[in-house]
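Please look over the structure below before reading on. The text then goes through its domains, a helix pair and a core.

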Amino acid sequence: MSAVAEQTGQWLAEFTRQEKAAPWLQGLRDSAFQRFAELGFPTTHDEEWRFTNVAPIARSHFASATSVPLVTGAPAGPEANLAEQYLGKLASFQANAFVALNTAFVRDAVVIQVPRGAVVEKPIRIEYGNADGAYVAPRALIVVGPDAHCTIVESYSGAGRYFTNAVTEIVAGDCAVVDHYKVQREDTSAFHVATLQAQLGRSTNFSTHSISLGGALVRNDVNVVLSEGTEATVNGLYIVNGTQHVDNHTSIDHAKPHGASHELYKGILDGKSAAVFNGRIIVRKDAQKTDSKQTNKNLVLSDDAVIDTKPELQIHADDVRCTHGATIGQLDAESLFYLQSRGIGKQQARSLLTYAFAQDIIDRIQVPDLREQLEKFLFEKFHEHAQ
Amino acid sequence: MPLLEIKDLHATVGDREILKGISLTVNAGEVHAIMGPNGSGKSTLAQVLAGRELYAVTGGQVTYQGQDLLELAPEDRARAGIFLAFQYPVEIPGVSNMYFLKAALNTIRKSQGLEELDAFDFLTLVRDKMTLMNMDQTLLNRPVNTGFSGGEKKRNEIFQMAVLEPKLAVLDETDSGLDIDALKLVAHGVNTLRSPERSMIVVTHYQRLLDYIVPDFVHVLAGGRIVKSGGKELALQLEREGYAGLGIADDEEVAVA
C-alpha cells in the first residue's frame with residue numbers, strides 16, 4: 001500500500017463511520033472525500049507547502065469528533081437553503097487537501113446570514129474547542145447582505161494533542177462593511193490548519209485580522225477576492241516560541257478595477273520556532289487602478305528561530321500601484337539605548353519593545369474587549385520573557 | 001569633589017578614533033557649553049557619557065560622584081542621575097509616552113529608595129511639568145515621539161528631564177531644528193531646572209542657544225580635543241569670528257575631503 005493510501009485509509013474509516021447527511025450535503029462530502037483521497041496530504045515538494053511539513057499530521061491518527069461551537073450575537077436564523085446555496089462553492093477543495101478533508105467531515109456548520117442593510121452592532125462570536133486525540137472540522141458560512149455591517153470574531157482553543165481543520169467562507173454583498181477576527185490560541189501540542197475564503201462585493205469594505213498564538217504546527221490560508229472598488233485590509237500577528245511552526249499564506253485577488261488592499265503581517269519568533277509568510281497579490285488584467293500594499297515584519301529574538309518570507313506578485317494590469325516589503329530583524333539598538341538612558345533596565349526595555357512591536361497590530365483591533373484581552377495576554381507574556 | 005571628572009578620554013567607533021583625549025571637570029551647579037564644528041566629537045562625548053555601546057572607550061577615565069562611570073550600564077547611569085537629551089529623540093511606536101515615563105521615573109525612584117508613584121500621583125506630578133513645557137496633555141497618550149514634530153520631540157526631551165530631575169543633564173544639540181519660539185520655550189524649561197545641585201553640559205553648534213541658556217564655561221571641541229576653554233565671552237567671540245577665527249575649519253569632514 002502506498003504512503004498516500006495508507007494515510008488516507010485511516011481517514012476513509014472515519015469517513016464511512018459518519019452518519020449520513022441530507023442528500024445535497026452527503027453529495028458534497030462524498031466528492032470532497034474523493035478529492036482528498038486523490039490528493040493525499042501535501043508534501044514539501046508542493047510549492048504551496050515548501051516550508052511546512054505536515055507529515056506529523058499525516059502520520060497521526062485522530063478520531064473524528066463532534067464539537068459544537070458556541071455562537072453568540074448572530075442575527076435570527078438564516079434562510080433554509082442558504083447553506084445548500086453557498087457551502088463548498090467558495091472555498092475550493094480541488095487544490096487544497098485540507099479544505100477537501102474539512103468538507104468531507106462537515107457536520108455542524110455555523111451558518112450566519114446578515115440581511116441586506118442590517119447593522120449588527122455587537123460582534124458575532126464563534127468559539128471552537130477541541131480535545132486530546134480528536135479531529136474536528138469547524139466550518140462556518142457567513143453571508144452578509146448588501147449594505148449590511150457586521151463584525152465576526154472566531155476563536156479557537158483546546159487542550160491536548162488534537163487536529164483542528166477549519167474552513168470559513170464569507171460572502172459580502174455590495175457596499176457591505178465586514179470586520180473579521182480570528183484568534184488562534186490552540187494548545188501548543190495541537191495541529192491547526194485553517195482556510196478563510198472571502199468573496200467581496202462591489203465597494204465593500206472588508207478587514208480580517210489573524211492572531212496566531214498557539215499550536216505546534218499551524219497553517220493559515222487567507223484568500224480574499226475583491227470586486228470593483230472593494231477595500232480589503234488583511235492583517236496578521238504570529239507569536240511563536242519553542243518548536244512551534246506557523247505558516248501564513250495569503251492570497252489577495254484583485255479581480256476588478258479600483259480595488260485597494262492593505263496587508264500587514266507581523267511576527268515575533270523566539271526559541272527554535274519557525275514561521276512562513278507567503279503573500280500572493282494577484283492583479284487581473286481588468287483590475288486597473290488597483291492600489292495594493294503588502295508588508296511583512298519579523299522580530300527574531302533568538303539565534304535558532306527561522307523565518308521564510310516571500311512576496312508573490314502576479315500583476316497583469318498596467319495602471320496599478322503595488323508595493324511590498326519584508327523585514328527580518330532584532331530589536332532596534334537605538335530604541336533600546338533610548339529606554340535604558342531613561343533608567344529602564346535592559347531586560348525590561350527588551351520586553352517593552354517586543355510588546356510594542358505586537359501592539360501595532362493589536363491597536364488595529366476594533367473590538368474593545370478582544371483588544372484588551374490580547375493586550376493583557378501579550379503584556380504578561382513579554383513581561384515573563386523579561387524575567 | 002567634582003560631580004564629573006573626565007580625564008584624557010579616548011573613544012572610537014569602528015576603527016576611527018573620534019575622541020582623542022578629552023579632559024573636563026564639572027562641579028555641582030555648573031553649566032558647561034561645548035561648542036564645535038560638525039564632526040568634532042561633541043555628540044560622541046554626549047553619548048559616551050550616557051553609555052552608548054556603539055562607541056568603544058579606548059583610554060582615559062570618567063569619574064562621576066567618585067565612582068567609575070564607564071563601569072556602569074546606561075540604565076545605572078540614569079538611575080545615578082545622568083540624563084541625556086537626545087539630538088535625535090527615538091520614535092517608539094506602540095509604547096505610550098505615559099507608560100514609558102512612568103516606568104522610567106519609578107525605576108529611578110526605586111533605585112534611590114523612594115516609593116514608586118501610582119498613576120494618580122504620577123499624573124499630578126507631570127501635569128505641572130507639562131505646563132512648564134507648554135505641552136498638550138494628549139501627548140501623554142501618544143506613542144513615544146511617534147508623529148511628533150521636531151520641536152515637539154525636543155520639548156518632550158526637556159519635559160522628561162523635568163520629570164526625572166537628574167543631577168547631570170547632557171543636552172545634545174537641543175537647539176538644532178528649532179525655530180526661535182520653540183528655542184525660547186526649550187531654554188525656559190532648561191533655565192527653570194537650573195539649580196545649585198544640578199549640573200549641565202550643553203552641546204551646541206551655534207552660539208544662539210547660549211543667549212538663552214547662559215553657561216558658566218564654554219569649551220571649544222575640534223578634532224576630538226578641547227582646543228580652547230573660557231567663560232561665556234568665548235561663545236560671543238566664536239559668534240563674531242566663527243570657528244575659523246580660532247583656526248578651525250567649520251566642517252572637518254569637508255576639510256578632510
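What follows starts with the domains and ends with the core.

This is a predicted model: local features need pLDDT of at least 70, side-chain atom pairs count only at pLDDT 80 or more, and totals for chains, interfaces and linings use all residues. Residues are numbered from 1 along each chain as its sequence is written, and chains are lettered from A in the order in which they are written.

Chain A is assigned domain 1 (3–330) and domain 2 (333–387), with bounds from an automatic or database domain assignment. Their centres, taken over C-alpha atoms, are separated by 28 Å. Contact (C-beta atoms, placed from the backbone, within 7 Å) joins 14 residues of domain 1 to eleven of domain 2 in chain A. On the domain 1 side, the largest share, three residues, comes from strand E13(A); strands are DSSP runs (E, at least two residues) and helices likewise (H or I, at least four), numbered from the N terminus.

Helices H6 (residues 333–340) and H7 of chain A have axes that come within 9 Å and cross at roughly 125 degrees. Axes are lines fitted to C-alpha atoms, for helices over the stretch in contact, and angles run from 0 to 180 degrees between N-to-C directions. Residues making this contact include A:Leu336 of H6(A) and A:Leu353 of H7(A).

The largest nonpolar core has 181 residues, of which A:Val144 and B:Val170 touch the most other members. Such a core is a set of buried Ala, Val, Leu, Ile, Met, Phe, Trp, Tyr and Cys residues joined through C-beta atoms within 7 Å, buried meaning 20 or more other C-beta atoms within 10 Å of a residue's own. H7(A), residues 346–362, gives the most to this core, with nine residues. Both domains of chain A give residues to this core, so it lies between them.

How values were computed
Buried ≥ 20, exposed ≤ 12 C-beta atoms within 10 Å, placed from the backbone. Contact = placed C-beta atoms within 7 Å.
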